Amino acid sequence: MVIINTTNESVMSTLLLRCRVAAHCASKSVRNFYTFKKMTDKTLDYTTTNGLESKTPFLIGVAGGTASGKSTVCQRIVEKLGQQHKEQTERRVVCISQDSFYRTLSPSERLRAERGQFNFDHPDAFDDKKLLATLKDILLGKKVEVPEYDYIANSISTNRSHTIYPADVVLIEGILVFYFPEVRDLFHMKLFVDTDSDTRLARRVPRDIMERGRDLEQVLNQYMNFVKPAFEEFCLPTKKFADVIIPRGADNFVAIDLIVHHIWDIMYKKRPAPTIKVTNGTCKPHSEADEAASARRLSGSSEDTLSR
Ligand SMILES: Nc1ncnc2c1ncn2[C@@H]1O[C@H](COP(=O)(O)OP(=O)(O)O)[C@@H](O)[C@H]1O
Ligand SMILES: Nc1ccn([C@@H]2O[C@H](COP(=O)(O)O)[C@@H](O)[C@H]2O)c(=O)n1
């Protein structure tokens, strides 16, 4: 099942069209409809000459609960667009984690974090101003430096960071990427990875023990005291802002293919890029369609869902 919200008409109409074409192809036993054309150097040249208005990247927000598969979904999208083996400077699709925007903790908060008693799932744990400024720079086509997050030290790494070069598509994933209104309004497309909480907990426990240096008791305490209540209070309510909800995350090949095709259309079809005008430090959608979509978003008409 792919659930499509009606908030963003351009996203919705493309996806609906694809659903119809896919159904038609299936009924006619047409094979390989979803065989995805990988990017080639030839097509790379294309965007430099196809009349796109600017290098404003297409910004995609990917939200969802902890261990729902947000990073894995982003990774699949990058792979399907044939970008995973490209040099950083050559990548046309790049991913950033919201975890790189956790704020610096005070000494007492640091002590609590070491005991698993700090709430990393609360919006206050993030430096949303820095996240907003970074995304605006990205939209202006600037090169930005994004630090790696160190889950063992509970802080951003002082010596490991990634240079994000101007790209066509930038994915930013995190539990609360739709929580902050100013950040949320910058996205051209919003995805919500909707994986059930038992599955998420079953994934989080081994991941935190093996990759994040935690013990079982700490992981379970943190989950019950902070992660689960904050998911219900802050993350889950942002699902209504999503243009596309992806049940089962990376296992949902159909949803990922539809999204990849949509991104591919944006990157290669001869249509104006979704440009962003930055005036007085605020980013605004440029095209009339984007403005209309924005207005609908602000008027809160995002409750209707279609499903198949
Ligand atoms: N579809 C899946 N099937 C099995 N394991 C998965 C799947 N998606 C993610 N995982 C695993 O679950 C853990 C969390 O996935 P990840 O993509 O990092 O989630 P998130 O970014 O939402 O925290 C990782 O260990 C990952 O390998
Ligand atoms: N020092 C930290 C920072 C964050 N967390 C947890 O990470 C989760 C977000 O990352 P996902 O990849 O799971 O989306 C969030 O739920 C925090 O609890 C942490 O444990 N320690």
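Mentor: A cavity is a set of grid points where a 1.4 Å probe fits but cannot get out. Keep that in mind, and remember that this model is predicted.

Trainee: How many cavities of 30 Å³ or more does the structure hold?

Mentor: One. The largest cavity has a volume of about 60 Å³.

Trainee: Which residues line the largest cavity?

Mentor: Read the lining as a list of neighbours. Here it consists of Gly65, Thr66, Asp121, Ile175, Leu176, Arg200, Val227, Ala230, Phe231 and Cys235. Helix H8 gives the most, with four residues. By class, the lining has six nonpolar, two polar and two charged residues.

Trainee: And what is a pocket?

Mentor: A pocket is an open set of points with protein on both sides. The largest pocket here has a volume of about 1,300 Å³. Its lining counts 46 residues. Nearest its centre lie Ser71, Ser97, Tyr151, Glu173 and Arg212.

Trainee: Which elements give two or more residues to the lining of the largest pocket?

Mentor: H3, strand E3 (93-97), strand E4 (144-150), strand E5 (155-164) and H7 do. H3 gives the most, with seven residues.

Trainee: How do the residues of that lining divide by class?

Mentor: The lining of the largest pocket has 16 nonpolar, 15 polar and 15 charged residues.

Trainee: Where does ligand 1 sit?

Mentor: Ligand 1 sits in the largest pocket. To read a ligand site, start with the residues around the ligand. For ligand 1 they are Gly65, Ala67, Ser68, Gly69, Lys70, Ser71, Thr72, Glu173, Arg203, Arg207 and Asp251. Helix H3 (70-80) and H7 each supply at least two residues of this shell. The largest share, three residues, comes from H3. By class, the shell has one nonpolar, five polar and five charged residues.

Trainee: Which atoms make polar contacts with ligand 1?

Mentor: Look for N or O atoms paired within 3.5 Å. A polar backbone atom of Ser68 is 3.1 Å from an oxygen atom of ligand 1. In the side chain of Thr72, an N or O atom is 2.4 Å from an oxygen atom of the ligand. For Arg207, a polar side-chain atom lies 3.0 Å from an oxygen atom of ligand 1.

Trainee: What share of ligand 1 does the protein bury?

Mentor: Start from the ligand alone, then ask what the protein covers. Ligand 1 exposes 560 Å² when taken alone, and the protein buries 69% of that.

Trainee: Now ligand 2. How many residues surround it?

Mentor: There are 17 residues around ligand 2, and the closest are Thr66, Lys70, Asp121, Asn154 and Arg204. Ligand 2 sits in the largest pocket. Helix H7 (197-211) and helix H8 (216-235) each supply at least two residues of its shell. That shell has seven nonpolar, three polar and seven charged residues.

Trainee: Which side chains make polar contacts with ligand 2?

Mentor: Take three of them in turn. Thr66 has a polar side-chain atom 2.6 Å from an oxygen atom of ligand 2. Arg204 has a side-chain N or O atom 2.7 Å from an oxygen atom of the ligand. Asp99 has a polar side-chain atom 3.3 Å from an oxygen atom of ligand 2.

Trainee: What share of the accessible area of ligand 2 does the protein cover?

Mentor: Ligand 2 has 470 Å² of accessible area on its own, and the protein covers 97% of that.

Key:
Residues are numbered from 1 along each chain as its sequence is written. Chains are lettered from A and ligands numbered from 1 in the order in which they are written. This is a predicted model: local features need pLDDT of at least 70, side-chain atom pairs count only at pLDDT 80 or more; totals for chains, interfaces and linings use all residues. Side-chain values use heavy atoms; hydrogens and water are left out. A residue is near a molecule or strand if one of its heavy atoms lies within 4 Å of it. A polar contact is a pair of N or O atoms within 3.5 Å; within protein, one must be able to donate a hydrogen and the other to accept it, and residues adjacent in sequence count only if both atoms are side-chain atoms. Accessible areas come from the Shrake-Rupley method with a 1.4 Å probe; for residues, only the protein chains shown count as cover. On a 1 Å grid over the protein atoms alone, a cavity is a set of points where a 1.4 Å probe fits but cannot get out, and a pocket is an open set with protein on both sides within 12 Å along at least five of seven lines; lining residues have an atom within 4 Å of a point. A molecule sits in a cavity or pocket if more than half of its atoms lie within 2 Å of its grid points. Ala, Val, Leu, Ile, Met, Phe, Trp, Tyr, Cys and Pro count as nonpolar, Asp, Glu, Lys and Arg as charged, and the others, Gly among them, as polar. Grid points are joined across faces, edges and corners, and a volume is the space filled by probe spheres set on the points.
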